[in-house]
Amino acid sequence: EAQAFIAFAAQVLKEGKTTTPALWHEATGALQLLLGNYSAAKTALAQAITAEGTQRMHDNARAIADINSVYTEKMDKQQQSHLIKEIEWMRSMSKLTEAKDDQGITYVADPYFANMLQRMVYNHLVPELQKQGNGFLALAMLANMDNHDNDGTLPSIRKHVPTYYQPAKSYNDLPDWSGDYYDALQQLSVDSLKEFVAYLHAQHADSPLAEAACKSSYLNDDYYNDLIGTRLMAAGRFEEAIPYLKKVSTDFIYNSNICGYIGRRNYQQPRWFVHQVIADTLQTGPRSVAITGNQKLTFCQDITSLQHRYQNAGSDTLRAHLAYDLATLLYQASYEGDCWYLTHYDWSCMDTVRTGDRDLIVDAINYLGESSLKGNKDLQFNSLYALAFIRRDNVAEGYPFIYPGEAIKFRKEGRQHKALVQLNNFLTLNPDYQSNRYVSQCDVLREFREQ
């Protein structure tokens, strides 16, 4: 069908049956681009730009030709300089159509050039750069687009503190933790992320496009230090995260989405005994509660100190207590803990260990295994209860899709079932603990004993 139209357009042009040949050349060039016939598209679009037609026809053809040039031109300094000029041109064309709505908010009335810029960068330039092995330049282009409003078309007014339209205490949906650029950063290993941040701040005399893209990207040091520090925490590299997190200002944390969690939750509380519920989770956003520091930093300092003390413990008794404390912190920072926000920017009840992350839950289980064997009676009870509580290799069939009041069907081959057996055996041998409220009020333990 496309080829039939191209043939028809060629016939119209050959017979001179149009007063605006630019439109027909433009349509032919656009179709050739979509068909992957880039050389033919280049010829047709060059004719469209100079043929008889309106200025808008010429401008439209120019934008399509810019996209096509990604495939026809070598990515040398000349082509990079050309792309810089054309990107700025598309942004200026979008700016010409700016208008304000009834509330005074600026928008682009004619989105054609905005759409063409997005199509060129996201659909063509970035994938082609990646294919050529220029991964960091591709990321820099995403950073450049991310740092402009209206999907990369308006001059940047991005600020970490979203005071220009976000009410206090609400969720910040600016690009700090969402969008193509953020998603691409999340796909990097933490070591590649560190290299890319250095790339963003470097000089690029050999690459005009990289120089322009990096200079007009989001370069907030707080943001990148927090990002790297958080990723290092997720990888279990807590001591390495400390220098990065020390550079993050309290003001940045206060204006981040985790502010309300930091101000209301304590990672020292054992999750198996205390669930730190926040009544209104909509009140956990920026500036929702006063904070005095960076909880991520204090967590890393605390757990690093515990790790050193554990490694140098002079007795099994001390080592067991330190193992329990380490398990408490590690589990809280995992995706099953109340303090998941220490290691990630989002959470889901269906979460698992993410690529590149350390399995903090397995670490916690291993430490609890040690403290359950070497500690005193109280520590043994706490450890065995924790092991029975942890959801890893969950005992309940169908978890988490279990309705309130529905009887639990226990999977006897799983880790958690074995932990429940060990806890129950301990309680049988130590009946004084039967009256403990965590035992008497535990519905899972009660159902386990009934089956």
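A charge is said to sit over a ring if NZ of Lys or CZ of Arg is within 6 Å of the ring centre and within 35 degrees of the ring normal. Arginine 319 meets this rule, lying over the face of tyrosine 310 at 4.0 Å from the ring centre. Before going on, please note that this is a predicted model, in which local features need pLDDT of at least 70 and side-chain atom pairs count only at pLDDT 80 or more, while totals for chains, interfaces and linings use all residues. Residues are numbered from 1 along each chain as its sequence is written, and side-chain values use heavy atoms, with hydrogens and water left out.

**The overall picture**

The protein has 22 helices and two strands; helices (H or I, at least four residues) and strands (E, at least two) are DSSP runs, numbered from the N terminus. Its C-alpha trace spans about 100 × 45 × 45 Å along the principal axes. The radius of gyration is 29 Å, whereas a compact globule of 451 residues would have one near 22 Å; the value is taken over C-alpha atoms, and the globule rule is 2.2 Å times the number of residues to the power 0.38.

Buried residues make up 49% of the 451 residues, where buried means under 20% relative accessible area, exposed over 50%, and partly exposed in between (1.4 Å probe, protein chains only). Among contacts (heavy atoms within 4.5 Å) between residues at least 6 apart in sequence, 66% join residues at least 24 apart.

Arginine 319 is found in helix α17 and is partly exposed, at 24% relative accessibility. Leaving aside neighbours within four places in sequence, arginine 319 is in contact with Tyr310, Gln311, Ala313 and Glu370.

The other example is arginine 62, whose charged end sits over the ring of tryptophan 89, 3.9 Å from its centre. Arginine 62 belongs to helix α4 (residues 55–72) and is partly exposed, with a relative accessible area of 27%. Beyond its neighbours within four places in sequence, arginine 62 touches Ile49, Lys85, Glu86 and Trp89.

**Rings that pair**

A pair of aromatic rings is described by the distance of the centres and the angle of the planes. Rings of Phe, Tyr and Trp (its six-membered ring) pair if their centres lie within 6.5 Å; planes under 30 degrees apart count as stacked, over 60 as edge-to-face and the rest as tilted. By this rule the count comes to 30 aromatic pairs. Two of them are set out here.

| Ring pair | Centre distance | Plane angle | Class |
|---|---|---|---|
| Tyrosine 182 and tyrosine 345 | 6.2 Å | 80° | edge-to-face |
| Phenylalanine 238 and phenylalanine 299 | 5.7 Å | 65° | edge-to-face |

What does the tyrosine pair tie together? Tyrosine 182 lies in helix α9 (residues 179–187) and tyrosine 345 in the loop between α17 (316–333) and α18 (360–374), so the pair links parts that are 163 residues apart in sequence. Tyrosine 182 is buried, with a relative accessible area of 4%, and tyrosine 345 also counts as buried, at 16%.

The phenylalanine pair joins two helices: phenylalanine 238 lies in α13 (residues 238–246) and phenylalanine 299 in α16 (residues 295–311), so parts 61 residues apart in sequence are tied together. Both phenylalanine 238 and phenylalanine 299 are buried.

**A cluster of rings**

Ring pairs also link Phe273, Phe381, Tyr385, Phe426, Tyr433 and Tyr438 into a cluster. One member, phenylalanine 381, lies in helix α19 (residues 377–389) and is buried at 2% relative accessibility. Phenylalanine 381 and phenylalanine 426 are 45 residues apart along the chain, and their C-alpha atoms are separated by 7.5 Å. Leaving aside neighbours within four places in sequence, the contacts of phenylalanine 381 are Phe273, Leu423, Phe426, Leu427, Tyr433, Asn436 and Val439.

**A buried asparagine**

Asparagine 255 lies in the loop between α14 (250–254) and α15 (259–262) and is buried, with a relative accessible area of 3%. Its side chain reaches the backbone oxygen of aspartate 251 at 2.8 Å. The side chain of asparagine 255 also makes a polar contact with the side chain of arginine 287 (2.9 Å). A polar contact is a pair of N or O atoms within 3.5 Å; within protein, one must be able to donate a hydrogen and the other to accept it, and residues adjacent in sequence count only if both atoms are side-chain atoms.
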